[in-house]
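Notebook open. I want to look up ring pairs and pockets today.

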Amino acid sequence: MSDDVLNQLRNKRNRSTVEPRQDALVPKVQPQAPTPKQNLPQEPSPSEPAHPTAAPADTIAELQTELEKYPETRRHSAIVLEKDLDQELTRFCKDRGITVEVFLEAAWTFANADNAVLEKITTQAKRRYDQRKRVGQIKRLITMLSNSSK
């Protein structure tokens, strides 16, 4: 039986190998003239400008004109959310391919268009705000008491 194991080990050493690449040090071939297929116009990708032959100044002007059509954005301070709610909201948005910020914008736009919905949300927000204030007070008291006992 040990002879079988020894033979298996020997056979593993004699496994077939892949031949080494022969083109590793081959110089690069000079580009050839484009074929007719390569001369066909292609759709620009989203990362490329719409007119690749346009001068950079023209492209910048076109992009600035397009940018003016969209609402201006502004970075907001960090938002603190309840841990479980943050996880749920993040997963919800990720599953739908959107960001939390964009979801909040859309939710605000929707709620702001309906006074009844806006009132319900505001009532809930006030209740949550009061809870947050109380949590902050409790944490400060714990810190103060912990520091005074040292």
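My entries on the rings and the pockets follow.

I'm working with a predicted model, where local features need pLDDT of at least 70, side-chain atom pairs need 80 or more, and totals for chains, interfaces and linings use all residues. Residues are numbered from 1 along each chain as its sequence is written, and side-chain values use heavy atoms, with hydrogens and water left out.

**Rings.** I looked for aromatic pairs and got one. Phe92 and Phe103 have ring centres 5.4 Å apart and planes at 70°, so I noted the pair as edge-to-face (centres of Phe, Tyr or Trp rings, six-membered for Trp, within 6.5 Å; planes over 60 degrees apart). Phe92 sits in helix H3 (residues 83–96) and Phe103 in helix H4 (residues 100–112); helices are DSSP runs of H or I, at least four residues, numbered from the N terminus.

Buried, exposed or in between? Phe92 is partly exposed at 31% relative accessible area, and Phe103 is too, at 27% (the range from 20% to 50%, 1.4 Å probe, protein chains only).

The largest pocket holds about 820 Å³. A pocket is an open set of points on a 1 Å grid where a 1.4 Å probe fits, with protein on both sides within 12 Å along at least five of seven lines; lining residues have an atom within 4 Å of a point. I found 23 lining residues, with Leu81, Leu85, Ala125, Arg128 and Arg132 closest to the centre. Helix H5 (115–148) gives the largest share of that lining, eleven residues.

The second largest pocket holds about 520 Å³. H4 gives the largest share of its lining, five residues.

Definitions and conventions. Phe/Tyr/Trp six-rings, centres within 6.5 Å; stacked < 30°, edge-to-face > 60°. Helix = DSSP H or I, 4+ residues; strand = E, 2+ residues; numbered from the N terminus. Points joined across faces, edges and corners; volume = space filled by probe spheres on them.
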